[in-house]
Amino acid sequence: MLSALNWVKHGSAKLIPMKDDLKEEEIVEGGDEEKESMEEEEESMEMEQTSTQKAISAAKAVTNDENVLDKYNLEGYDEEEDFTGFDQAMNDDFNAEEYDEEDEEDIDDVTLRETDAILLAVHTDSDISHLDMYVYEPEDDNLYVHHDIMLPSHPLCVEWMGYHSKNAGEDGQHLGNLAAVGTFEPEIEIWDMDVINAFEPVATLGGEGLKESMGKKLKNKKKAPSDGHQSAVIGLAWNKLGRNFLASCSADQTIKLWDLSKTSCMLTMKHHKDKVQAIQWHPVDATVLLSGAFDKTVHVADVRNPQNTRQCKLISDVECLQWNTHSPQNFFVSTEDGNVNYYDVRVLDKPIWTLSAHSKATSALSYNQSIPNFLATSSSDKNVKFWNIAEGQPKLIFSKKVKFPVYSMSFYQDQSQPYLIALGGEGKDAEDDDLEGRMTVWNTRSFDPIAQAFSST
């Protein structure tokens, strides 16, 4: 099952990613477990050498031939050339050399192109969970996993972040390509997606375990304060205007505001009375946060004065929400009963309109930030629908049936490919029956009704 997806800002990923440069001595200093593992490996090597010597002695005893070593080249056995290719195949996945010592073909396999669209996804198959970085090549309509990271628990949400506290850069912008992941555990893991084969997240927010300051190595671990969530982390929202801030919401009914520069919690808000399902920062006002929960309410909060929130009441639990970036006083809320409600933040007593979008829960919606009035909705009813909201009421333009319930969906947030949309969910993939819970990317301009409806864009 694919739980969540999120696009990477165009041009933010390094064209040639790094490999994790964790040194052996840093692993040893990180703790007793790593040290014991290395000692066991050394002991295994010693046993292997002893076994080889015993085999040679036994061969001498059986043959009574002093020249048996030369006759069968036993001493040089390990150095003999392998003509089968088996050794090479065994060692391909364990090549620890840096890129400058690898074949050009290996470098090309991980090199990104400037035209590539990058997105993140979290999924679980057979109780094994991963964070994946996908690459979509628009010229070839090709989608593939560039690299992935194994996660310790079933993931629920992923948020791309362009802020890295330890990479100030020449202009002091602290640019980065990071993924924040929320799971059934109370901690939030932050991974550097420009690093392949990463051993550890660059930071962990909250929880009772160990955490690190961003960019620090394992030997600098320290105890985390008890300022984290007490239950599963359901939603995450990075503040693009206040770039060192990340908001999180949880099944513990709270919303937390994190300072990424200090990896610490600045604020905890408790205005919801049930699991908080979705959050999003305002696109213009950096301090305004929108949130929706299973208490059938949506709150608009200014984090400078979090006690005084404004709310609207719904008739069903909130599934997801999003601001209208072309009309920032308005926002969309989808609910478990299949509806989509459109509100003006200045008048919250009733919605501007209510759309009966799906027969089951409207589990995802995405408003196109490049093309005004272009809205997409999806559901566990296995339908993806596209709407034009230009005339004051949403008008259905096109509907497409897929082979799986869609749980996450998002338009590409860049002018270079404004019609791209990614979606994922549970079950067999629409394009390949052998894949479960994987990503699908469409160029919606290829659907004639959509191309005609937004031809002037």
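The backbone nitrogen of S359 lies 3.3 Å from a polar atom of the side chain of D381. The model is predicted: local features need pLDDT of at least 70 and side-chain atom pairs count only at pLDDT 80 or more, while totals for chains, interfaces and linings use all residues. Residues are numbered from 1 along each chain as its sequence is written, and side-chain values use heavy atoms, with hydrogens and water left out.

D381 sits in the loop between β26 (374–378) and β27 (383–388); strands (E, at least two residues) and helices (H or I, at least four) are DSSP runs numbered from the N terminus. The side chain of D381 also makes a polar contact with the side chain of H358 at 3.2 Å. Such a contact is a pair of N or O atoms within 3.5 Å; within protein, one must be able to donate a hydrogen and the other to accept it, and residues adjacent in sequence count only if both atoms are side-chain atoms. Leaving aside residues up to four places away in sequence, D381 touches H358, S359, K360 and K401 (heavy atoms within 4.5 Å).

D381 is buried yet has no salt bridge, and the nearest side chain of opposite charge, K385, is 5.4 Å away. Buried means under 20% relative accessible area, exposed over 50%, and partly exposed in between (1.4 Å probe, protein chains only). A salt bridge is a side-chain nitrogen of Lys or Arg within 4 Å of a carboxyl oxygen of Asp or Glu. For charge, Lys and Arg count as positive and Asp and Glu as negative; His and the chain ends are not counted.

By the salt-bridge rule the count comes to 8. One of them joins the side chains of E137 and R113 (2.9 Å, N to O). E137 lies in strand β4 (residues 128–137) and R113 in the loop between α5 (104–110) and β3 (117–125), so the pair ties together parts that are 24 residues apart in sequence. E137 counts as buried at 13% relative accessibility, and R113 as partly exposed at 38%. R113 also meets D140 in a salt bridge (3.8 Å, N to O). R113, D116, E137, E139 and D140 are linked in a network of salt bridges.

Elsewhere, K296 and D317 meet in a salt bridge (3.3 Å, N to O). K296 is partly exposed, at 34%, and D317 is buried, at 13%.

Finally, 4 strands form an open, antiparallel sheet in the order β6-β7-β8-β10, where pairing requires at least two DSSP bridges between two strands. Its edge strands are β6 (155–163) and β10 (203–205). Strand β8 (residues 188–192) is joined to β10 by 3 bridges, and I190 stands opposite A203 in β10.
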